[in-house]
Amino acid sequence: MLCPSCNYENTKVLESRNTEKEQSIRRRRECLNCHHRFTTYERIEFVPITVIKKDGSTESFDRSKVIRGIVRACEKTEIEAKIIESLVEKIESDIEEKSPREITTQYIGELVLSHLSHLSEVAYVRFASVYGQFTNIEDFVETLKELQNKQKKIEDDN
């Protein structure tokens, strides 16, 4: 860290503490050359994630859209809000780990479905019906068969 007074390269940290909202770390520093004291802040750099929609348009990733979709799928199931919040955090973490900062809505939908399949069959089918834009009863039947086959495979593996 360069000293703002003399541009000397070596400074020492005198004190570190989190800011009020714990979004950054405040550090008091002292220049080892001129003994000038100054404050720096360390923050997480958020690189935005771009979502490529089905029509080819793009927008920034919006966590609230994922929450709304999952909450709607989980209505009238007895899944608690804290479990949904935890699920969304896992999904968001998976998305943030993606190397290219561009993802498709299809990727997000598949990610949500993979997490919902372990949580609730009803929520899975509800989300799949909206995400997959079901148009007839055969779409539901096919999804139910896929879910049933996944369950059988899990039971056979155990």
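Is Thr11 buried or exposed? In this predicted model, Thr11 has a relative accessible area of 17% and is therefore counted as buried, given that burial is assigned under 20%. Thr11 is found in strand S1, which covers residues 11–18. When neighbours within four places in sequence are left aside, the residues in contact with Thr11 are Met1, Cys3, Arg29, Glu30, Cys31, Leu32 and Phe38.

Two of these contacts of Thr11 are the cysteines Cys3 and Cys31. Cys3 is buried, its relative accessible area being 0%, and its sulfur lies 3.8 Å from the closest cysteine sulfur, that of Cys34, which is too far for a bond, because a disulfide requires two cysteine sulfur atoms within 2.5 Å. Cys31 likewise takes part in no disulfide, the nearest cysteine sulfur being that of Cys6, at 3.6 Å. Cys31 also counts as buried, with a relative accessibility of 0%. For the model the count comes to 0 disulfides.

The largest nonpolar core contains 26 residues, and the members that touch the most other members are Ile70, Ile91, Ile95, Ile108, Val112 and Leu116. At least two residues of this core are supplied by each of four helices, namely H1 (63–74), H2 (81–96), H3 (105–119) and H4 (121–131). The helix that gives the most to this core is H4, with 6 residues.

Helix H1 has 12 residues and reaches 17 Å from its first C-alpha to its last, which is close to the 16 Å expected at 1.5 Å a residue. Its buried residues are Val66, Ile70, Ala73 and Cys74. Seen down the axis of H1, these buried residues fall within an arc of 95°, so they line one face of the helix. The buried residues of H1 pack against H2, H3 and H4. H1 is followed by Lys76, whose phi is positive, near 65°.

Helix H2 has 16 residues and spans 22 Å from its first C-alpha to its last, close to the expected 22 Å at 1.5 Å a residue. The buried residues of H2 are Ile84, Leu87, Val88, Ile91, Glu92 and Ile95. They cover an arc of only 135° around the axis, and therefore lie on the same side of H2. The buried residues of H2 pack against H1, strand S6 (102–104) and H3.

Ile95, which is among the core members with the most contacts to other members, touches Ile49, Phe61, Ile103, Tyr107, Ile108 and Leu111. Glu92, which is also placed in helix H2, counts as buried at 18% relative accessibility, and Glu92 touches Phe61 and Arg63.

As for aromatic rings, the count comes to 1 aromatic pair. This pair is formed by Phe134 and Phe140 and is edge-to-face, with a distance of 4.8 Å centre to centre and an angle of 90° between the planes. Of its two members, Phe140 is partly exposed, with a relative accessible area of 31%.

Technical notes: Residues numbered from 1 in each chain as written. Predicted model: local features only at pLDDT ≥ 70, side-chain atom pairs only at ≥ 80, totals over all residues. Heavy atoms only, no water. Buried < 20%, exposed > 50% of the residue type's maximum accessible area, 1.4 Å probe, protein only. Core = buried A, V, L, I, M, F, W, Y, C linked by side-chain atoms within 4.5 Å. Contact = heavy atoms within 4.5 Å. Phe/Tyr/Trp six-rings, centres within 6.5 Å; stacked < 30°, edge-to-face > 60°. Expected span 1.5 Å × (residues − 1). Arc of directions from axis to C-beta.
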